[in-house]
Amino acid sequence: MVSENKISGVFDWGRGMYGDFLMDLAWIDFWAPWSPGWDAMDIIAAARDHFRAIGLNVPNVSERIRACQIYVGLDGMAFQAHIGRWADLARTAARTLEVAGRP
């Protein structure tokens, strides 16, 4: 993106995909504990409030978000294993188990 002959933004489509629109919410919520600012908000609750306010029925929202978060965690662990970031992988594994509802 350009504004006044200067680059003002960049689109990164490297992680773009077709699928459940709840994936974006799940991704932000999954990584929130490591992201200053995101950790202070409940994006899932805000989204539910928004859906309710506009009268949008989102079937099985909790289950879909959980499935998306498990995917996000597994994808993160695969990348971390590939680059040898073992401490990060352990933290991501713990977070994945947390969102999956395990102790």
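Contact here means heavy atoms within 4.5 Å of each other. By that rule, I65 touches L22, A26 and I44, leaving out residues up to four places away in sequence.

A word on what you're looking at: this is a predicted model, where local features need pLDDT of at least 70, side-chain atom pairs count only at pLDDT 80 or more, and totals for chains, interfaces and linings use all residues. Residues are numbered from 1 along each chain as its sequence is written, and side-chain values use heavy atoms, with hydrogens and water left out.

**Overall layout**

The protein chain has four helices and two strands, running β-β-α-α-α-α from the N terminus. These are DSSP runs numbered from the N terminus, with helices being H or I of at least four residues and strands E of at least two. Along its principal axes, the C-alpha trace spans about 50 × 40 × 30 Å. If you take contacts between residues at least 6 apart in sequence, 55% of them join residues at least 24 apart.

Of the 103 residues, 29% count as buried. Buried is under 20% relative accessible area, exposed is over 50%, and partly exposed is in between (1.4 Å probe, protein chains only).

**Inside**

The largest nonpolar core has 16 residues, and L22, L25, F51, V61 and I65 have the most contacts inside it. Such a core is a set of buried Ala, Val, Leu, Ile, Met, Phe, Trp, Tyr and Cys residues joined through side-chain atoms within 4.5 Å. α1 (22-31), α2 (43-53) and α3 (61-82) each supply at least two of its residues, with α1 giving the most, six.

Then there's Q69, in helix α3. Leaving aside neighbours within four places in sequence, Q69 is in contact with A26, D29, F30 and V99.

**Outside**

M1, F11 and W13 make a nonpolar surface patch of about 450 Å². Patch residues have over 30% relative accessible area and no salt bridge; like charges are joined within 9 Å, and nonpolar side chains (Val, Leu, Ile, Met, Phe, Trp, Tyr) within 5 Å. A salt bridge is a side-chain nitrogen of Lys or Arg within 4 Å of a carboxyl oxygen of Asp or Glu. F11 sits in the loop between β2 (6-7) and α1.

| Residue | Relative accessibility | Class |
|---|---|---|
| Q69 | 5% | buried |
| F11 | 56% | exposed |

How values were computed. Accessible areas come from the Shrake-Rupley method with a 1.4 Å probe; for residues, only the protein chains shown count as cover.
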